[in-house]
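Here are my notes on the pockets and the aromatic pairs. Please read them with the model open.

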Amino acid sequence: MSKSVGTASHNIMAKSKSALHWRDYYEMTKPKVVMLLLLTALVGMCLASETWISWKILLAGLTGIGFLSSAAAVINHVVDRKIDAQMARTSNRPLPKGKVSPKRALVFAGLLTVVGYVILELWVNRLTALLTLASLVGYAFVYTMYLKRATPQNIVIGGLAGAAPPLLGWTAVTNDIHAHALLLVLIIFIWTPPHFWALAIHREKDYARAQIPMLPCTHGIEFTKTSILLYTVLLALICVLPYLIGMTGAIYLIGSSALNAGFLYYAWKLKFASDEHTAMKTFKFSIIHLMVLFVVLLVDHYMRFTF
Ligand code: HEM
Ligand SMILES: CC(C)=CCC/C(C)=C/CC/C(C)=C/COP(=O)(O)OP(=O)(O)O
């Protein structure tokens, strides 16, 4: 009797331990970031065609891009484990906490990379496979290993990898690099600095402690706020381009203008009437802005070709 109780409690312990384990691996893939990246890839896919796209391309494309993005995020966790241990925001991550070893994390990243690449190569096309792999290298190696530690322009240049998914989605459908896809990449590329610098202002002490040359540490908070405002103005202007060149319709113009008015409100408040919460509110709004912007692109597209 006592033996079976012992076995049962051992099983529960083992189960809860392995459940925790899986959550750690899941956390290292930065799931919420990857979900938003996949939304932008999905919109790239849909805008590439005036008919419904095939389920095979949709599923294989999103799985492959999702696996390679997740692999890049896991490698980022491995490379940054010592920095992450020094920052309050990241010190509870699985690697600094010793819950997962760097070796196991790398095996996990390797598996995701191989499976993701093979899926793209076999069921999508080589162009998409190579561009997605280049984005992985751009984020996991060029940004994380070099730029992040080297220059306050780290996230401006490194942002190109995170901005790539609409192009990856587009090439998955057409096997061709189209100017419209590059315009979607440009929108995310210009969105990234205000997205990140708003958080960096809030976490300035973290980055200073870890000696990472983020803009608020190297050039000060005021300069960073001005940069956020300028990038947000540029973003609002660039967001009009898809309408002006006939890529989108009025639904997009109205939706994107409202979103950019909101983003400009936060960026303006951050610069001229900030309290201790404004930076974090601006960061949170940036995520809603990009998510809704891409949903609006999708709605605009299907309304146009359905009616
Ligand atoms: C170099 C480019 C980028 C940098 C440096 C950056 C930086 C960050 C950081 C540091 C966080 C963590 C906030 C936290 O832990 O509280 C974050 C969160 C987030 N980022 Fe970015 N980001 C970049 C690009 C992107 C892109 C391209 C997307 C999507 C298209 C994106 C979507 C998100 C989302 C959804 C979150 C919230 C995650 C959560 O709540 O767990 N980011 N970003
Ligand atoms: C294949 C492909 C599309 C790859 C791109 C993958 C990817 C996950 C891009 C998102 C960029 C991002 C979250 C940067 C933050 O890194 P950080 O190290 O500055 O932030 P942290 O301190 O929160 O780790």
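1. The largest pocket has a volume of about 1,400 Å³. Keep in mind that this is a predicted model. The lining of this pocket counts 49 residues, and Lys-30, Val-33, Arg-93, Tyr-139 and His-195 lie nearest the centre.

2. Several helices build the lining of the largest pocket. Those that supply at least two residues each include helix 2 (31–47), helix 6 (126–150), helix 9 (179–202) and helix 15 (278–306). By type, the lining residues are 27 nonpolar, 13 polar and nine charged.

3. The second largest pocket has a volume of about 220 Å³. It is lined by 15 residues, with Ala-134, Ser-135, Leu-160, Ala-161 and Ala-164 closest to its centre. Helix 6, helix 7 and helix 9 each give two or more residues to this lining. Helix 6 provides the largest share, seven residues. The lining holds 12 nonpolar residues, three polar and no charged.

4. There are 10 aromatic pairs in the structure. Trp-52 and Tyr-302 are stacked, because their ring centres lie 4.7 Å apart with the planes at 15°. Trp-52 sits in the loop between helix 2 and helix 3, and Tyr-302 in helix 15, 250 residues apart. Trp-52 is exposed, at 66% relative accessibility. Tyr-302 is buried, at 15%.

5. Trp-197 and Tyr-231 form an edge-to-face pair, since their ring centres are 5.6 Å apart and their planes at 75°. This pair links helix 9, which holds Trp-197, to helix 12 (residues 221–238), which holds Tyr-231. Trp-197 is buried, at 2% relative accessibility.

6. One cluster deserves a look: ring pairs link Phe-263, Tyr-265, Tyr-266 and Phe-285.

Notes
Residues numbered from 1 in each chain as written. Chains lettered and ligands numbered in written order. Predicted model: local features only at pLDDT ≥ 70, side-chain atom pairs only at ≥ 80, totals over all residues. Heavy atoms only, no water. 1 Å grid on protein atoms, 1.4 Å probe; cavity = no way out; pocket = protein on both sides within 12 Å on 5 of 7 lines; lining within 4 Å. Points joined across faces, edges and corners; volume = space filled by probe spheres on them. Helix = DSSP H or I, 4+ residues; strand = E, 2+ residues; numbered from the N terminus. Nonpolar A, V, L, I, M, F, W, Y, C, P; charged D, E, K, R; others polar. Phe/Tyr/Trp six-rings, centres within 6.5 Å; stacked < 30°, edge-to-face > 60°. Buried < 20%, exposed > 50% of the residue type's maximum accessible area, 1.4 Å probe, protein only.
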